[in-house]
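Hi,

Here is the structure I promised to pass on. Have a look at it first, and my notes follow below.

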Amino acid sequence: MNRGGRQGDTRGSLPVFERQWRAMIAAGGEPEFGPQERLFAELKCEALAEILLPPPATVLECGCGSAEVSAFLASLGYRCTLLDAAPAALRVARRRFERAGLGARYVQGNVYRLPIADGTFDVLTSFGLLEHFADVEVVIAEMVRVIRPGGMFFADIVPERFSVQTVGTVFNAGVRLVYYGAKGEPGRGLHEARRLFKPDFYENAYSVETYKRFMRDAGLRGVVVRGNRPVPVLTLPGAIERPYVAGLRRARGLWRRFDEGGTRLTNWWGAGGWAWGITVPAGQ
């Protein structure tokens, strides 16, 4: 991932994710999506249905992973193309679509040089991708290249910074220390806790304003970047997780107002950030 003398990913993230996708294929399911993650994806999809251009728009998801959001979009009538550099990720995505009786096009490719012609798609999306590049402005520019005039760019970004998930990570590390300590494996507990604070993959720490500048420099207009998700993902036993998720569902109206606020609090506390903009329409 080297471009212009700069190292885009300083920890070699692609092999890390490829191993994760291979493990998921071997497991034969989607084990990473527990009740909390399913709720978060559900609320994300509801919001996207109001932000994105309407179906039957063509959508390219870059770094598709397991493509749970694209599967939702396809169910609404969007025509989806799924791209990832990891072959195992595309296998997981294909399995998800086929199980749901949905169709898509699958492309293995690198976001530095997308194997796609200029102005091909109405909408380009990515979820948890852009934070893995140091030279993210290069990636954004390449993504914008393949969007048609008047089309939309949307990214869900989780940069390395303080957020509500930082609080959740402290909690989750404590859970691992207690759990493995009780099993007589304190060394493993310490190892697992450390991994939460220093993952194998790279994450950048660019600010909201920096992402806005990168997007505008790439040719996007009407740029919006705002924080979202006021609650963390927590490691909880099922007996506690179920009422936790039920409580979050009851508070979804407050959650929605938080996400739509776009305030300094939202941008500071929110677990991630949503960014979108429109390419310049033809003739302007």
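Let me begin with tryptophan 268, which sits in helix H11 (helices, H or I, are DSSP runs of at least four residues and strands, E, of at least two, numbered from the N terminus). Before going further: this is a predicted model, so local features need pLDDT of at least 70 and side-chain atom pairs count only at pLDDT 80 or more, while totals for chains, interfaces and linings use all residues. Residues are numbered from 1 along each chain as its sequence is written, and side-chain values use heavy atoms, with hydrogens and water left out.

Back to tryptophan 268: its relative accessibility is 47%, so it counts as partly exposed (buried is under 20% relative accessible area, exposed over 50%, partly exposed in between, with a 1.4 Å probe and protein chains only). Not counting residues up to four places away in sequence, tryptophan 268 touches Arg161, Phe162 and Ser163 (contact means heavy atoms within 4.5 Å).

Next, arginine 229, in the loop between strand E8 (220-228) and helix H9 (238-250). With a relative accessible area of 17%, arginine 229 is buried, yet it has no salt bridge, and the nearest side chain of opposite charge, aspartate 156, is 7.4 Å away. A salt bridge here is a side-chain nitrogen of Lys or Arg within 4 Å of a carboxyl oxygen of Asp or Glu; Lys and Arg count as positive, Asp and Glu as negative, and His and the chain ends are not counted. Leaving aside neighbours within four places in sequence, the contacts of arginine 229 include Phe40, Trp255, Phe258 and Trp269.

The backbone of arginine 229 is worth a look as well: phi is near 65°, positive in a residue other than glycine. Alanine 67 also has a positive phi, about 65°. Alanine 67 is in the loop between E3 and helix H3 (68-75) and is buried, at 0% relative accessibility.

Lastly, a cis peptide bond joins proline 55 and proline 56, with omega about 10°.

Cheers
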